[in-house]
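Please keep the sequence and the three-dimensional view at hand.

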Amino acid sequence: FTVKAENRAGLVTQPVISSGILVDIYAPGTPGTPVDTIPAGQNASYWNDAYTSTTTLVWDWSASTGVASGILSYYVCVSTISGGADIYSDTPTINTSCTYNNAQPGYTYYAKVRSRSNSGSYSGYSDNSSGIKVDVTSPDMPQITYLGDENKWINKDSQAQMVLQIQANDPESGLIEYQYAVGSQPGASDISGGTWYSVTTASIS
């Protein structure tokens, strides 16, 4: 709008122009599905996007698009139930990420998000994240059973093979592998050259 004022004497002011109003009647596009990301301090070599060993959880998502007035904020829901909102319920953020610092061991956490434009329109909710379970405890101590010679003796010239059966358990996230070293003394790894080997079966020979 451009406005001028005129008095009874016929004097008119200079025109004043308003800042303008953008008409935006459309809802923003739905944000991307939140993705579990590696929290600070988490070892990337052991990161698994279904399990984490930290109680700090982080989700990222792609920004909403397709709205003329721009995005005012995002609203995040976090729950231990897929689709729920009992922990965070439309908690606002201007970022395309969210951090939750008080995750409890043994629980799986999910996130979803929606956006609001500067004109006040809301997008729909994103899909739920795939879920990430918190496991802060190590597996149970492995139990080793020697198979074959009950006396655990092997003749060095016989080319005999030592076979070990391993039993271990992790009720929260399960096991992905066993790691072993071979030594001439308890706890040593001199025979395997200080190297720890990985196997996915419960039998070592």
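The model is predicted: local features need pLDDT of at least 70, side-chain atom pairs count only at pLDDT 80 or more, and totals for chains, interfaces and linings use all residues. Residues are numbered from 1 along each chain as its sequence is written, and side-chain values use heavy atoms, with hydrogens and water left out.

The chain has 15 strands and zero helices; these are DSSP runs numbered from the N terminus, strands being E runs of at least two residues and helices H or I runs of at least four. Of its 205 residues, 27% count as buried, that is, under 20% relative accessible area with a 1.4 Å probe and protein chains only, whereas exposed means over 50% and partly exposed lies in between.

The largest nonpolar core has 15 residues, of which L57, W59, V78 and Y109 touch the most other members. Two or more residues of this core come from each of strand 5 (57-60), strand 6 (71-79), strand 8 (97-100), strand 9 and strand 10 (132-134). Such a core is a set of buried Ala, Val, Leu, Ile, Met, Phe, Trp, Tyr and Cys residues joined through side-chain atoms within 4.5 Å.

Strand 9 (residues 108-117) also holds S115. S115 counts as buried because its relative accessible area is 0%. Y26, in contrast, lies in the loop between strand 2 (16-17) and strand 3 (35-36), and Y26 counts as exposed because its relative accessible area is 58%.
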